[in-house]
Amino acid sequence: LTELAAKFAFAGNAFLTPEPALLAGLARDLDEGALAKAVEDDAAALEIEYNRLFLNPMGAPCPPWQSVHTDEARLMGATHLQALDWYRRYDVEPRAANEPADHIGLLLLFYSRLVAAEAAEPELREFAAAHLAWIPKFCDSVESQSKLPFYRMVARLTREIIVF
Amino acid sequence: MNFSRRNFFRLAGAAGTGMFAGEKALASFDEYFTPAAAATGDTTLTTACGICSPACGIQATIRDGSIKFLQGLANDQHGRGRLCGKGAAGAQFAYDPDRLKYPMKRTNPVKDLEADPGWVRISWDEALNTIAAKLQGAIKDHGSESLLFVTLPAPDIWLRFMNAIGVLNRIDHIDECFLTDRIIQRYTTGGKTWCNDFANSKYVLLFGWDILAKNKVPYAQGIVDARDNGAKIVCFNPQYSATARFADEWYPIRPGSDLAVALAMINVIVSENLYDKEFVDKYTNFAEYEQKIREHFAQYQPEWAQVQSDIPAESIRRIAREFATRGPAIVPAHKKTLCANYQNASQLVHAISILNILAGTIDRLGGRYFARTVSIPAVDAVYPPPAYPAKKGRRIDGKEKLPLVLEDGGGIFSAATDGILNKYPGMIKACVFNAYTVLSWPNPKKAFEALATIPFVAVMDTIPTDTVSFADIVLPSATYLEGNDLIARDYRALNPQVVARQALMPAMFETKSIGYVALELGKRMAPDYFKDSAGNFINLSTLLDEKTKRAGLGATFAEFKKTGIYTKEQAFVPRTTFAVAGGTKCQIYVPQFADKGADVLPVWRTKREIPDNSYPYYLLTYIPGVHKRNSTQNNAILNEMLSTNTAMMNGTLAAKLGVKEGQMVRISSRAGSIELPAHLTETLRSDVVMVAHGYGHRSRLLTVAGGKGVRDGDLVPDQSIDEMVKAVNYAGASCIMDAVVRIDPL
């Protein structure tokens with residue numbers, strides 16, 4: 001369980017930051033040598049690729065927020081509020097109050113914590129159904145769009161661990 | 001507390017003990033999450049819209065920090081409790097997934113539309129330091145003429161920044177908008193005004209202006225008021241527009257011939273002595289120039305105008321008589337849909353101004369009046385600056401050749417490309433765009449070529465624009481929903497009124513206001529201009545408090561925003577003196593124009609382009625009512641209402657061309673060509689094709705607007721300042737609706 005949770009947490013981090021040292025460290029800590037190597041091989045290019053995919057000021061091919069994929073094309077909508085409700089049930093909320101709570105990275109991190117905390121099966125299923133179901137398709141898009149092996153690997157890893 | 005919740009917290013302690021593989025990843029949770037504050041539930045706040053200039057009042061419902069719903073503010077005299085589609089969909093601007101979110105810089109020096117700029121995030125400090133250094137360097141090495149600012153002269157502190165560093169070359173879109181009107185009203189009636197008292201008008205005459213589709217709420221409501229109160233509405237427009245449908249009479253006028261009709265109306269009113277004698281004698285210079293005026297307009301008979309315009313002479317004559325005698329009557333002249341679009345716009349606006357003067361309705365109920373307003377001091381009044389440096393150098397838009405434009409101060413988009421590429425190649429070394437894209441310029445393709453020659457470009461905006469592709473630094477701008485300001489009413493302003501625009505939420509991501517950028521660049525480049533009397537740097541919220549206090553709205557902005565609206569009921573006292581440049585009377589004949597390359601009385605001049613064998617049709621462009629220029633196409637809700645543009649044409653024309661509904665056609669002009677599907681409509685003359693503006697964004701990855709529609713601007717030739725001078729386009733019209741085209745079925 002802990003290992004599964006850690007993988008979710010790693011995936012969450014990979015979608016939240018392009019910091020090579022951090023990501024390589026997390027991957028090694030997780031005994032994911034190939035992932036760590038992929039980070040290190042492209043350390044200099046990681047940030048540019050991350051920004052191109054997710055934060056592109058010319059329009060991002062893979063916007064990392066759930067609402068864009070499951071609601072109308074907007075941020076801070078219903079899925080943001082629902083995610084916020086989930087977090088608050090556990091007395092936490094994202095540090096960045098002026099950013100959407102349904103960022104893929106936050107959702108994966110939160111889920112990892114639920115898994116690690118051995119949350120009841122129905123609860124895990126409920127959260128996954130509400131907030132993770134869109135992610136496999138998103139990962140398809142990351143896999144096809146990414147120019148770097150690392151993001152393709154992260155996409156595959158994420159898709160593998162999300163099982164319904 | 002259930003089991004998993006207890007464990008959820010226990011993990012915080014377990015992490016970091018080196019007990020298991022992957023613990024570091026698990027521990028990273030605390031980097032991104034923090035103990036929750038209490039949910040806030042629903043609150044309502046008063047604010048003001050920021051999509052277009054009437055800035056209608058808004059009552060916003062906020063749920064847990066995000067905007068749930070926007071509706072009109074009841075006591076607001078602009079919106080009167082209503083919002084247009086754009087305003088109601090406003091939250092979408094703040095929540096656009098494509099929003100520019102963080103300051104970024106390019107790492108790939110190659111600038112073209114295909115190359116990946118290699119964006120990396122940078123801090124605001126680095127962004128501001130870089131921009132300040134680049135601007136400073138350009139000034140030092142090449143003089144301040146080497147800077148180009150593409151921005152409105154607002155807010156006041158941003159203007160102060162530009163003045164403080166001596167920016168000479170500032171351009172904005174108003175040559176496509178109200179520049180002609182502002183320049184000519186200054187000499188004829190005493191300054192620009194957006195106020196038309198439709199509710200008390202009995203006769204409303206519209207040259208081209210589709211007032212309903214324009215969708216500014218005070219105007220749309222105004223024309224409905226006029227109708228309800230029994231006014232007659234007459235419309236000249238090549239298109240059977242939304243307003244035409246609402247009018248008593250509609251005339252499908254030949255594009256660009258409105259001036260002929262206006263001149264002939266003046267002919268009738270003057271020769272038959274139908275004008276408001278009391279007003280004209282007392283408050284205008286008619287008597288002084290009577291003979292010249294009568295002689296001049298004698299040449300413009302309605303029969304002559306019929307030949308130019310396709311409007312029957314008898315109709316022109318009757319409308320002129322009704323207009324002069326069934327008042328109060330009004331010809332509103334306003335913004336893009338009329339004033340700017342033809343090469344003879346300067347003369348047309350002058351003629352329209354004369355019609356309103358002859359009707360005797362300048363600053364009268366039922367006419368065009370000047371806003372009764374609350375005076376809100378600008379930053380320079382609150383904190384007087386040291387003397388600004390003189391602005392020296394060559395003007396990229398060449399406007400020193402148009403003296404009236406030069407004294408007005410507005411910059412010209414339509415001549416900027418020619419300036420950058422041909423007139424002064426290499427002169428511009430650093431450029432700052434704020435809330436504008438070259439998509440608004442005529443011939444954007446050519447504008448891209450011009451942009452590519454500028455070594456340093458910074459772009460501040462809310463969403464990706466085409467111009468971002470050329471940017472070295474991108475600054476993410478906060479939207480109007482995330483900022484504070486005081487908004488005085490100036491569209492429906494019989495009573496002075498101010499609405500508080502207040503931030504409905506913290507600015508998203510790392511977005512900031514242009515005021516912040518002005519202050520921070522100012523501190524770096526011209527610190528003496530950004531200090532208060534005690535020698536401390538200006539603080540933006542203290543400045544707003546000071547403005548609030550001096551305007552008599554409250555002790556602080558925080559206090560005023562609680563009510564959020566201030567209205568002073570007062571009786572309407574018509575003006576008896578008019579703040580006209582050079583006097584106190586309205587001017588029909590403008591003697592000052594003689595020295596300024598302008599016609600002292602409006603002279604018939606043709607539009608820029610006349611159909612011929614190569615380009616047999618007129619191009620009309622329009623902005624759909626659900627959109628604002630090119631800034632709203634990525635709004636998912638507005639995009640759903642009208643997602644793309646078409647080649648709108650009459651069935652007769654389509655049959656002649658062999659074009660069916662939905663068939664692709666190529667429209668070509670001397671500037672370029674576009675391909676788009678035909679849409680057949682009986683609402684147009686059979687010699688025009690009409691295309692909506694604002695589509696065809698090059699940022700094809702835009703979630704909503706990407707790849708939809710084509711750019712009408714690709715058909716519109718830009719112009720050189722010399723051509724404008726030669727054409728006596730003295731008030732700087734951009735001619736964005738003055739192209740002729742051919743149409744080929746595909």
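Contact here means heavy atoms within 4.5 Å. On that basis, the meeting of the two chains in this predicted model takes in 57 residues from chain A and 61 residues from chain B. Together the chains bury about 5,300 Å², with 63% of that area on carbon and sulfur atoms. On the chain A side, Pro57(A), Met58(A) and Arg113(A) stand out: they supply 16% of the area that chain A buries against chain B, more than any other three residues.

The polar side of the interface comes to 17 residue pairs in polar contact, counting pairs with both residues at pLDDT 80 or more. Several elements of chain A each bring at least two residues to the side that touches chain B, among them α1 (2-16), α4 (43-54), β1 (92-94) and α7 (104-116). Salt bridges between chain A and chain B number two. In one of the salt bridges of the model, Asp64(B) pairs with Arg88(A), and the closest N and O atoms sit 3.0 Å apart.

Within chain A, Ser67(A) belongs to helix α5 (residues 66-70). Ser67(A) has 0% relative accessibility, so it counts as buried. Setting aside neighbours within four places in sequence, its contacts are Glu72(A), Arg74(A), Leu75(A), Met76(A), Thr79(A) and Asp102(A).

Turning to chain B, strand β16 (residues 456-461) is largely enclosed by the rest of the structure, because six of its six residues are buried. In a regular strand, side chains alternate between the two faces of the sheet. In β16(B) both faces are covered, with Phe456(B), Ala458(B) and Met460(B) buried on one side and Val457(B), Val459(B) and Asp461(B) buried on the other. Five bridges pair β16(B) with strand β15 (residues 430-434) of chain B in the parallel sense, and Met460(B) is the bridge partner of Asn434(B). To get from β15(B) to β16(B), the chain passes through helix α21 (residues 444-452), and this β-α-β crossover is right-handed. Strand β17 (residues 473-476) of chain B also runs parallel to β16(B), joined to it by four bridges; here Met460(B) stands opposite Leu475(B).

Salt bridges over all chains come to 59. Side chains of opposite charge can pair when their charged atoms come close. Arg63(B) and Asp42(B) are one such pair, at 2.7 Å from N to O. Arg63(B) is partly exposed at 31% relative accessibility, and Asp42(B) is partly exposed at 43%.

Glu520(B) and Arg524(B), by contrast, share helix α22 (residues 514-525) of chain B and lie four residues apart, about one turn of the helix. The closest N and O atoms of their salt bridge are 3.1 Å apart. Glu520(B) is buried at 13% relative accessible area, whereas Arg524(B) counts as partly exposed at 26%. Elsewhere in chain B, Lys232(B), Glu249(B), Arg318(B), Glu322(B) and Arg326(B) are linked in a network of salt bridges.

Terms used: Residues are numbered from 1 along each chain as its sequence is written. Chains are lettered from A and ligands numbered from 1 in the order in which they are written. This is a predicted model: local features need pLDDT of at least 70, side-chain atom pairs count only at pLDDT 80 or more; totals for chains, interfaces and linings use all residues. Side-chain values use heavy atoms; hydrogens and water are left out. Buried means under 20% relative accessible area, exposed over 50%, partly exposed in between (1.4 Å probe, protein chains only). Two strands pair if DSSP finds at least two bridges between them. A crossover is right-handed if, with the strands pointing away from the viewer, the path from the first strand over the helix to the second runs clockwise. Buried area is the accessible area (1.4 Å probe) that two parts lose on being put together, summed over both. A salt bridge is a side-chain nitrogen of Lys or Arg within 4 Å of a carboxyl oxygen of Asp or Glu. A polar contact is a pair of N or O atoms within 3.5 Å; within protein, one must be able to donate a hydrogen and the other to accept it, and residues adjacent in sequence count only if both atoms are side-chain atoms.
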